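Please look over the fold shown below before reading on. The notes after it are grouped by topic.

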Amino acid sequence: EMDRTITQKVRQAVMDDDSLSANAKNIKIITVREVVTLRGVVNNDREKNEIGRRAREISGVRNVDNQLEVRPD
């Protein structure tokens with residue numbers, strides 16, 4: 001239950017950030033035992049780092065495994 005809540009909160013934080021590309025908004029967010037794994041393709045390092053930072057800021061998150069790939073358009 002906590003995992004699902006965390007996933008929803010991370011997703012919301014990503015969707016609310018208008019500076020992120022459509023690619024960034026389509027990433028996979030998987031939470032298992034309060035550890036968030038981020039997977040998918042983003043356009044640059046800034047997006048990768050920003051999403052990781054936002055995920056870490058969500059209450060209840062123990063760790064973030066940022067597996068996002070940077071692939072410029």
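In the hairpin of S1 and S2, two residues lie between the strands, and Arg33 has a positive phi near 50°. Strands here are DSSP runs (E, at least two residues) and helices are DSSP runs (H or I, at least four), numbered from the N terminus. This is a predicted model, in which local features need pLDDT of at least 70 and side-chain atom pairs count only at pLDDT 80 or more, while totals for chains, interfaces and linings use all residues. Residues are numbered from 1 along each chain as its sequence is written, and side-chain values use heavy atoms, with hydrogens and water left out.

**The sheet**

- Three strands form an open sheet in the order S1-S2-S4, with mixed pairing; two strands pair if DSSP finds at least two bridges between them.
- S1 and strand S4 (63–66) are at the edges with a single partner strand each, so one side of each has no neighbour in the sheet.
- From one strand to the next, the twist averages 20°.
- S1 and S2 run antiparallel and are joined by five bridges.
- Across this pair, Ile30 stands opposite Thr37 in S2, and Thr31 stands opposite Val36 in S2.
- H1 packs on the sheet and touches S1 and S2, its direction making about 150° with that of S1. Axes are lines fitted to C-alpha atoms, for helices over the stretch in contact, and angles run from 0 to 180 degrees between N-to-C directions.

**Thr31 and the faces of S1**

- In a regular strand, side chains alternate between the two faces of the sheet.
- Ile29 and Thr31 make up the covered face of S1, while Lys28, Ile30 and Val32 make up the uncovered one.
- Why does Thr31 count as buried? Its relative accessible area is 10%, and buried means under 20%, exposed over 50% and partly exposed in between, using a 1.4 Å probe and protein chains only.
- Leaving out residues up to four places away in sequence, Thr31 touches Asp3, Ile6, Thr7 and Val36; contact means heavy atoms within 4.5 Å.
- The side chains of Thr31 and Thr7 make a polar contact at 2.7 Å. A polar contact is a pair of N or O atoms within 3.5 Å; within protein, one must be able to donate a hydrogen and the other to accept it, and residues adjacent in sequence count only if both atoms are side-chain atoms.

**The nonpolar core**

- The largest nonpolar core has 16 residues, and Val10, Ile27, Val36, Leu38 and Ile51 have the most contacts inside it. Such a core is a set of buried Ala, Val, Leu, Ile, Met, Phe, Trp, Tyr and Cys residues joined through side-chain atoms within 4.5 Å.
- Helix H1 (2–15), strand S2 (35–39) and helix H3 (45–57) each give two or more residues to this core.
- H1 supplies the largest share, three residues.
- Beyond four places in sequence, Ile51 touches Val14, Leu20, Ala24, Ile27, Leu38, Val42 and Leu68.

**Helix H3**

- H3 lies across S2 and S4 and runs at about 160° to S4.
- Its buried residues are Glu47, Glu50, Ile51, Gly52 and Ala55.
- Their cover includes H1, helix H2 (22–25), S2, S3 and S4.
- Asn44 caps the N-terminal end of H3, with a side-chain oxygen 3.2 Å from the backbone nitrogen of Arg46.

**Gly40**

- Gly40 is in the loop between S2 and strand S3 (41–42).
- Gly40 is partly exposed, because its relative accessibility is 27%.
- Gly40 and Asn23 are 17 residues apart in sequence, and their C-alpha atoms are 8.1 Å apart in space.
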